[in-house]
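Let's take a friendly walk through this model, one spot at a time. Have the sequence and the 3D view open as you read.

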Amino acid sequence: MDPAALIGLALVEARAALETQDVPVGAVVLDSSGAVIGRGRNRREADGDPTAHAEVLAIREAAAALGQWRLEGCTLAVTLEPCTMCAGAMVLARLPLLVFGAFDPKAGAAGSVTDVVRDPRLNHAVEVIGGVREAECGDELRAFFRARRRPRPATPEAGPSSVSAES
């Protein structure tokens, strides 16, 4: 399947994350025939689980669908460059191909900050196609965070009844 179409599937999942006030990151895993066998969207807020990242959830679902933990021959597509945890999960699942949308210059582990998925010291390397529909994926994230930022109320000037930092 075309990388842009794969990211389109992941974007559907990312937009669904908005329903639970989660960061809009979505992921899909496809088997070697191109069938979607795993879907995931960020659910950290919804589940109160720091590991409920889109990639991890999609990998879990794909492994359950295959009845095994090795995802050889599969492709994972995600809207944001994976973090270290998710990149590690891809290596451990033996995923051969990662397609992602927006780069993550603060936490990306597929080339931006570190490159876990292609680290030659590990027992498996993942092929990476990054920056697919990058602007569209980035726009989803920027819109989410822009809506979260609210102007801070003006603070009144300290007067005689104010408590000082030395109190």
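## A buried charge

Which side chain of opposite charge is nearest to Arg94, and how far away is it? Please keep in mind that you are looking at a predicted model. The nearest such side chain is that of Glu72, 5.5 Å away. Arg94 is buried and has no salt bridge; a salt bridge would need a side-chain nitrogen within 4 Å of a carboxyl oxygen.

To find Arg94 on screen, go to the loop between α4 (84-92) and β4 (97-102). There, a polar atom of the Arg94 side chain lies 3.0 Å from the backbone oxygen of Leu92.

## The largest pocket

Next, turn to the largest pocket, which holds about 580 Å³ of space. Its lining is made up of 23 residues, and those nearest the centre are Val23, Leu80, Asp104, Leu141 and Phe145.

What kinds of residues form this lining? The lining has 12 nonpolar residues, eight charged ones and three polar ones. Helix α5 (residues 134-148) supplies the largest share, with five residues.

## A buried alanine

Our last stop is Ala110, found in the loop between β4 and β5 (127-129). Is Ala110 buried or exposed? Ala110 counts as buried because its relative accessibility is 3%, and the cut-off for buried is under 20%.

Conventions: Residues are numbered from 1 along each chain as its sequence is written. This is a predicted model: local features need pLDDT of at least 70, side-chain atom pairs count only at pLDDT 80 or more; totals for chains, interfaces and linings use all residues. Side-chain values use heavy atoms; hydrogens and water are left out. On a 1 Å grid over the protein atoms alone, a cavity is a set of points where a 1.4 Å probe fits but cannot get out, and a pocket is an open set with protein on both sides within 12 Å along at least five of seven lines; lining residues have an atom within 4 Å of a point. Grid points are joined across faces, edges and corners, and a volume is the space filled by probe spheres set on the points. Helices (H or I, at least four residues) and strands (E, at least two) are DSSP runs, numbered from the N terminus. Ala, Val, Leu, Ile, Met, Phe, Trp, Tyr, Cys and Pro count as nonpolar, Asp, Glu, Lys and Arg as charged, and the others, Gly among them, as polar. Buried means under 20% relative accessible area, exposed over 50%, partly exposed in between (1.4 Å probe, protein chains only). Lys and Arg count as positive and Asp and Glu as negative; His and the chain ends are not counted. A polar contact is a pair of N or O atoms within 3.5 Å; within protein, one must be able to donate a hydrogen and the other to accept it, and residues adjacent in sequence count only if both atoms are side-chain atoms.
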